[in-house]
Amino acid sequence: MPFDATDHALMARALRLAERGLYSARPNPMVGCVIAHGGEVVGEGWHPRTGEPHAEAFALRQAGERARGATAYVTLEPCAHHGRTPPCADALAEAGVARVVAAMRDPFPPVDGAGFARLQAAGIAVAAGLMEAQARELNRGYLARVTRGRPWVRIKLAASLDGRTAMASGESKWITGEPARADVQRWRARSGAILTGADTVLADDPALTVRLGDATPFQPPLRVVVDSGLRSLAAARVRDGVAPTLYLHGPDAVVPSGLQAEFVALPLRDGRTALDAALQLLGARGINEVQVEAGPALCGALLHAGLVDELLLYQAPVLLGDRARPLLAGLGIDNMAARLPLRLIDDAVVGTDRRLLLRP
C-alpha cells in the first residue's frame, strides 16, 4: 500500500520528535511516535533517555482510549523484548492500534523483525520504509554500533584556508571564531565519547567537556585518551571529574594508582595503539558516536585505516603559511590516483567560518 501525504507529514513529525533525544537517549536509539486518526493527532511521544519509557509508551499514554483504531507512526520498529521497559509492540496491540507505519526495521538482534511479527500476529497492519533514509541518518551512530560493532567516527578539524591547523610552535588558539567554537559543543554533546591523543593532551591540556551555555540536558561524553605509553598523565584537566575519563594504553605501560580515571590495555601495532581494537572496545561499551579531536597524526591514522565515517571541518578565512602544521598526516598519498575522494554532505556558514560535513 503506497504512503499518502498524511503519512509523510506525520512521519516527519515523528522524526522531529525523535531528534529531541539527540543529547540524552544514548546508547538507545532516538525514536519518535505519533498516533493519529487520519490527520488528527491524538498522542505523541519521544524517548528521552535509557530506562525511561519509549516513545510509543508516551504517545499511548497521551492518546488513551483514542489509540483504538488509530495509526501509529514510529521512526523505528517497535521493540519486542523485555529490557528495562516492556515490549512496545505488545503495548500497541493492547491499546487496539489498527495500523503501524515504521520508518525502518531495527537491526538490534532481539528486535530485528520480531516487533513487526508481533504486531502482525495481533492483526495490526504493518508498513515499513517511509522516510527510511532520514531515520537512518538520525540514528547513524546507533546503527553503526549495532551492525558492525564499533561506533560512528567523526573527526572534528579546524583549519585555515591553506589547510593548516596550528602554527609550527603548536599555537592554535584560535583559528576559528566564537560561533564555530560554540557550534562544536553541540556536536560534542551528541557524542558518546570524545577521543584524543597524547600529543594533544600534552600540547593543550584540554578539558574535553561540553559547554552548551543553556539548560539543554545532555549526558557528559566519555573522554578517551589514546596514549600507549601513558606519557600524558602530567596534564590533568582531562581528569577534572566533570566527565568520566578512559586511557587506552599499551600492554607494558605502568598504570599509576590514585588517579581519577579508568585504564585499559590494548594491543599495539607497529608500536602504536591498535585503533580498530579501541573502537571495538567503545562499541562494546554502548558508544554510538565518537568525536575525534586530535592532532594530524592520530586523525590521519584513523582515516588511513578506513575507520572514519565523517569529517566535520571548520574552515576559517585566514592563511597560516607553509610552516604551519598540516590538517592530516600519514595518509601516504603520492599520486593523484591515490587521492581520497570525499562527499560533501552539508555546507554551512557559522559566524565568519565555513562548516563542511564530509564523508569518505
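Reader: In what order do the strands of the open sheet of 5 strands stand, and which of them are at the edges?
Author: In this predicted model, the open sheet has mixed pairing and the strand order 2-1-3-4-5. From one strand to the next the twist averages 15 degrees.

Reader: At about what angle does helix 4 run to strand 5?
Author: Helix 2 (residues 55-63) packs on the sheet, where it touches strand 1, strand 2 and strand 3, and its direction makes about 140 degrees with that of strand 2. Helix 4 (residues 114-121), for its part, lies across strand 4 (99-102) and strand 5, and its angle to strand 5 is about 150 degrees.

Reader: Which residues of strand 10 point the other way from Thr-245, Tyr-247 and His-249?
Author: In a regular strand the side chains alternate between the two faces of the sheet. Strand 10 (residues 245-249) has 5 of its 5 residues buried, and it pairs in parallel, through 4 bridges, with strand 9 (residues 222-226) and, also over 4 bridges, with strand 11 (residues 262-265). Val-226 stands opposite Leu-248, which in turn stands opposite Val-264 in strand 11. Pointing the other way from Thr-245, Tyr-247 and His-249 are Leu-246 and Leu-248.

Definitions and conventions
Residues are numbered from 1 along each chain as its sequence is written. This is a predicted model: local features need pLDDT of at least 70, side-chain atom pairs count only at pLDDT 80 or more; totals for chains, interfaces and linings use all residues. Side-chain values use heavy atoms; hydrogens and water are left out. Buried means under 20% relative accessible area, exposed over 50%, partly exposed in between (1.4 Å probe, protein chains only). Helices (H or I, at least four residues) and strands (E, at least two) are DSSP runs, numbered from the N terminus. Two strands pair if DSSP finds at least two bridges between them. Axes are lines fitted to C-alpha atoms, for helices over the stretch in contact, and angles run from 0 to 180 degrees between N-to-C directions. Contact means heavy atoms within 4.5 Å.
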